[in-house]
Amino acid sequence: MQISMPIRTPSLVSRRRLLEEKLIGLHKWTDLKQVKQVHAQILKANLLQDLSVAPKLIAAFSLCHEIALAVNVFNQIQQPNVHLYNTLIRAHVRNSQPSQAFATFFEMQSKGVYPDNFTYPFLLKACSGHSLYPMVQMIHTHIEKFGFCSDIFVPNSLIDSYSKCGSFGVNVARKLFMVMGQRDVVSWNSMISGLVKAGELGEARHLFDEMPERDTVSWNTILDGYVKAGEMNKAFELFEKMPDRNVVSWSTVVSGYCKAGDMDMARMLFDKMAVKNIVPWTIIISGYAEKGMTKEAISLYDKMEEAGLRPDDGAVISILAACAESGLLGLGEKVHASIKRTKFKCRTSVSNALVDMYAKCACLDKAYSVFDGMARRDAVSWNAMLQGLAMHGHGEKALQLFSRMNEEGFAPDKVSFISILCACSHAGFVEEGLQYFYTMERDYGIIPEVEHYGCVIDLLGRGGRLKEAFRLVQSMPMESNAIIWGTLLGACRMHNAVDLAGEVVDHLIKLEPSDVGNFSMLSNIYAAAGDWDSVSNVRLQMRRIGIQKPSGSSSIEVDEEVHEFTVFDKSHPKSDKIYEMIDRLVQDLKQVGYVPKAYQ
DNA sequence: ATAGGGTTAG
């Protein structure tokens with residue numbers, strides 16, 4: 001290598017040549033420190049205005065998630081060309097800021113710089129990550145007007161973007177695919193992947209069979225189709241007869257078994273993998289975490305780090321989400337520690353995942369400290385924090401945060417209102433909650449959805465205003481669902497409204513005929529009212545229908561082990577002793593004046 | 001072009 005040759009006094013020319021050699025791979029660098037060093041060297045050598053150097057620097061900053069630095073470099077260039085604009089558009093896309101990407105596109109046009117074959121695919125990528133159907137259409141119009149369809153790369157991107165915009169988009173993609181004069185393997189793969197995403201597995205399989213030639217990506221795509229449809233037998237059959245299997249193929253089946261809850265099979269395949277990158281580790285760790293198998297999840301996380309793999313943003317977000325769902329504080333803290341070891345600041349979505357995890361694990365102070373330390377917050381950050389406060393009964397604090405959100409200029413969205421209404425109902429602020437519900441549409445232009453009605457029904461129900469709640473269910477502009485009736489049933493139990501409960505359960509069993517929870521709730525209500533005939537009647541009904549579906553469960557983490565339990569749970573070997581203990585506790589509670597809502 | 005990716009009422 002020339003670089004390692006001893007050079008004592010490099011002339012300006014050779015120094016410049018050395019720098020140029022370094023710059024060849026610059027656009028792929030991910031180490032911010034190194035990129036900053038080279039940036040300084042470029043400035044010193046007066047190379048920044050060189051239009052083959054600046055795009056590489058922008059790309060490198062973008063790969064380090066330093067979009068501000070990338071924009072800064074761009075703004076210093078006196079005469080940006082298409083290539084430079086394309087690089088900035090790509091940087092915005094990578095940073096999940098489609099609106100910035102489009103702003104750059106419009107600026108470029110106003111400066112008289114014409115887009116090229118690369119501009120449109122980048123812009124289309126910006127849309128497909130966010131399903132911006134109208135934007136895809138707009139670009140499509142541009143492309144047809146300027147006639148860029150000759151390059152197969154462009155129509156392929158169109159098919160990919162359209163097919164990621166819901167079922168209507170898939171139709172457009174299908175038509176484009178049909179009229180394409182020339183197709184390569186990417187065209188076929190894009191179309192098949194779109195059909196798989198839209199749930200059209202049959203048609204996807206048909207195209208797969210018709211393809212003139214298939215590569216590993218084609219096989220992986222159709223394999224994922226079976227995995228997404230939950231058809232693990234067919235998926236595994238396909239996996240075994242694939243001509244070539246790569247990391248993606250293996251990861252796909254491992255993920256399928258995780259989703260199906262077959263952790264043994266998932267683990268067996270995972271252990272068999274010869275080549276592993278961060279993705280399969282993420283899949284298996286999240287899989288264990290989701291099932292509450294803390295020990296396995298933590299031990300694999302340690303093994304992953306021992307193997308020298310650092311979790312990237314995707315891994316962190318995915319594992320933290322699984323921790324949040326199952327309440328695995330221990331693993332969540334471990335992930336947080338890994339982040340703190342390697343990064344000074346995280347991307348907004350990573351901090352959001354941390355806030356959500358801490359909030360769901362009831363560590364509200366830690367959630368708050370991450371939230372307060374964030375450089376930039378988006379709607380998700382506010383909503384995760386609001387929801388955490390609401391969920392754990394801190395109604396007052398949730399409302400305070402809601403005001404702060406408004407003061408700082410963040411418009412609450414429909415999710416924020418779910419949290420606010422939930423906060424009011426858990427804190428017993430019935431009138432305030434109703435007022436917030438009314439302001440939604442009036443002041444913020446957000447049309448209440450079934451979830452919001454659900455919160456208000458809970459609000460009224462908990463507040464004892466059962467009749468109003470019931471009337472609201474009947475007068476809402478949309479169909480009621482099992483969650484709504486379940487909410488109402490919970491309220492009936494709380495206020496011993498026996499007659500109404502029977503009526504509610506009638507609706508409920510039509511929607512969830514095999515859910516034990518509904519029956520046990522009804523039986524509790526009759527028991528609380530001392531109506532033992534009705535209790536045995538419900539029991540009889542339960543047996544007649546035959547209950548297959550397990551009811552909802554609660555879980556608690558003790559000594560790094562998650563314990564899960566359901567209503568009437570008798571599965572624990574010491575369950576007699578446990579119920580004895582509960583009896584004693586209830587007796588003690590009664591002595592100090594507690595009246596149990598349902599007890600038998 | 002294919003695998004993992006924050007917030008949503010009981």
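For the residue classes used in these legends, Ala, Val, Leu, Ile, Met, Phe, Trp, Tyr, Cys and Pro count as nonpolar, Asp, Glu, Lys and Arg as charged, and the others, Gly among them, as polar. The views are taken from a predicted model.

**View 1. The second largest pocket and its lining.** The volume of the second largest pocket is about 1,600 Å³. Its lining comprises 42 residues, and His65, Lys343, Lys345, Cys346 and Arg347 are the ones nearest the centre. By class, 15 of the lining residues are nonpolar, 14 polar and 13 charged. Helices that each supply at least two lining residues are α2 (32-44), α4 (67-76), α19 (313-326), α20 (329-342), α21 (348-360) and α22 (364-372). Helix α21 provides the largest share, six residues.

**View 2. The largest cavity.** A search of the whole structure returns one cavity of 30 Å³ or more. The space in the largest cavity is about 30 Å³. Ser62, His65, Glu66, Ile67, Ala91, Arg94 and Asn95 form its lining. That lining divides into two nonpolar, three polar and two charged residues. His65 lines this cavity and is also among the residues nearest the centre of the second largest pocket.

**View 3. The protein surface near DNA strand B.** DNA strand B is surrounded by 48 residues, the closest being Lys125, Asn189, Asn220, Asp312 and Gln387. The residues of this surface comprise 16 nonpolar, 18 polar and 14 charged. Sugar or phosphate accounts for 47% of the atoms of DNA strand B within 4 Å of the protein, and bases account for the rest.

View 4. In the side chain of Asn220, an N or O atom is 2.4 Å from a base oxygen of DNA strand B. For Gln387, a side-chain N or O atom is 2.6 Å from a phosphate oxygen of DNA strand B. The side chain of Thr487 has an N or O atom 3.3 Å from a sugar or linking oxygen of DNA strand B.

**View 5. The aromatic pair Phe239 and Trp250.** The whole structure contains 22 aromatic pairs. In the pair of Phe239 and Trp250, the ring centres are 5.1 Å apart and the planes are at 85 degrees, so the arrangement is edge-to-face. Phe239 belongs to helix α14 (residues 232-241) and Trp250 to helix α15 (residues 247-259), so the pair ties together parts eleven residues apart in sequence. Phe239 has a relative accessible area of 3% and is buried. Trp250, at 18% relative accessibility, also counts as buried, because the cut-off for buried is under 20%.

**View 6. The aromatic pair Phe270 and Trp281.** The rings of Phe270 and Trp281 have centres 5.1 Å apart and planes at 85 degrees, so this pair is edge-to-face. Phe270 is in helix α16 (residues 263-272) and Trp281 in helix α17 (residues 278-290), so the pair links parts that are eleven residues apart in sequence. Phe270 and Trp281 are both buried.

**View 7. An aromatic cluster.** Phe102, Phe105, Phe106 and Tyr120 make up one aromatic cluster.

**View 8. Val456 in helix α27.** Helix α27 (residues 450-462) contains Val456. With 1% relative accessibility, Val456 counts as buried.

Key. Residues numbered from 1 in each chain as written. Chains lettered and ligands numbered in written order. Predicted model: local features only at pLDDT ≥ 70, side-chain atom pairs only at ≥ 80, totals over all residues. Heavy atoms only, no water. Near = heavy atom within 4 Å. Polar contact = N/O pair within 3.5 Å; in protein donor to acceptor, adjacent residues only side chain to side chain. 1 Å grid on protein atoms, 1.4 Å probe; cavity = no way out; pocket = protein on both sides within 12 Å on 5 of 7 lines; lining within 4 Å. Points joined across faces, edges and corners; volume = space filled by probe spheres on them. Phe/Tyr/Trp six-rings, centres within 6.5 Å; stacked < 30°, edge-to-face > 60°. Helix = DSSP H or I, 4+ residues; strand = E, 2+ residues; numbered from the N terminus. Buried < 20%, exposed > 50% of the residue type's maximum accessible area, 1.4 Å probe, protein only.
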